[in-house]
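Please open the structure in a viewer and keep the sequence at hand.

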Amino acid sequence: ENLYVVMLNIDEEDKKMGALPEETKAAYLQKRNELCLKLFRGIYDVKNDTINFKLLSIHKGCTLIFRSLLVFNNRVHKYKIIKYILQDNNLKDLISREDHNKYGLNFGQILTDGIKSLNQEDSDNSLISSITSSFKSS
């Protein structure tokens, strides 16, 4: 639940951003980046280099994992989440199920868009190559 509050706060910052004058956007962007880091640290166990397994045990947690791809600007954070999704059979199964559509989310599209955005940001293709090779080995 705490992570969903963080996600809602990020959404709120995004709504404010469009209406702000240029000179005040930097402070809101900094706050948004801090919230994204907090969200990432809640979703991803950096010490063990894996997803927080508590989130995987509840549907809302899995939804939050996918939704995080919509808000993360940090390409390494996005990469770690995508890589884990592609390696985890339960999360891959969620992509093909239809129950997430009732919330207006298409996990497959979110994942595809996340990979596309990484590809656009990854000038040397190192992240995409790493995702591809880890996916082939799983």
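A residue is called buried when its relative accessible area is under 20%, exposed when it is over 50%, and partly exposed in between (1.4 Å probe, protein chains only). This is a predicted model, in which local features need pLDDT of at least 70 and side-chain atom pairs count only at pLDDT 80 or more, while totals for chains, interfaces and linings use all residues. Residues are numbered from 1 along each chain as its sequence is written, and side-chain values use heavy atoms, with hydrogens and water left out.

**The whole chain**

Begin with a cartoon view of the chain, which shows 8 helices and 2 strands. Helices (H or I, at least four residues) and strands (E, at least two) are DSSP runs, numbered from the N terminus. Followed from the N terminus, the order of elements is α-α-β-β-α-α-α-α-α-α. Of the 138 residues in the chain, 40% are buried.

Next, display the surface. Its accessible area, from the Shrake-Rupley method with a 1.4 Å probe, is about 8100 Å², and carbon and sulfur atoms contribute 51% of this.

**The aromatic pairs**

Now select the aromatic side chains. Rings of Phe, Tyr and Trp (its six-membered ring) pair if their centres lie within 6.5 Å; planes under 30 degrees apart count as stacked, over 60 as edge-to-face and the rest as tilted. By this rule there are 3 aromatic pairs.

Select phenylalanine 40 and tyrosine 44: their ring centres are 5.3 Å apart and their planes meet at 15°, so this pair is stacked. Both phenylalanine 40 and tyrosine 44 are buried.

Phenylalanine 66 belongs to helix 4 (residues 59-71) and phenylalanine 107 to helix 7 (residues 107-121), so the pair ties together parts 41 residues apart in sequence. How buried is phenylalanine 66? Its relative accessible area is 0%, and phenylalanine 107 is likewise buried, with a value of 0%.

**A charge over a ring**

Select tyrosine 4 and lysine 60. Lysine 60 lies over the face of tyrosine 4, 5.6 Å from the ring centre. The rule asks for NZ of Lys or CZ of Arg within 6 Å of the ring centre and within 35 degrees of the ring normal.

**Glutamate 13**

Finally, select glutamate 13 in helix 1 (residues 2-19). Is glutamate 13 buried or exposed? Glutamate 13 is buried, with a relative accessible area of 3%. Leaving aside residues up to four places away in sequence, glutamate 13 touches Tyr28, Lys31, Arg32 and Leu35, where contact means heavy atoms within 4.5 Å.
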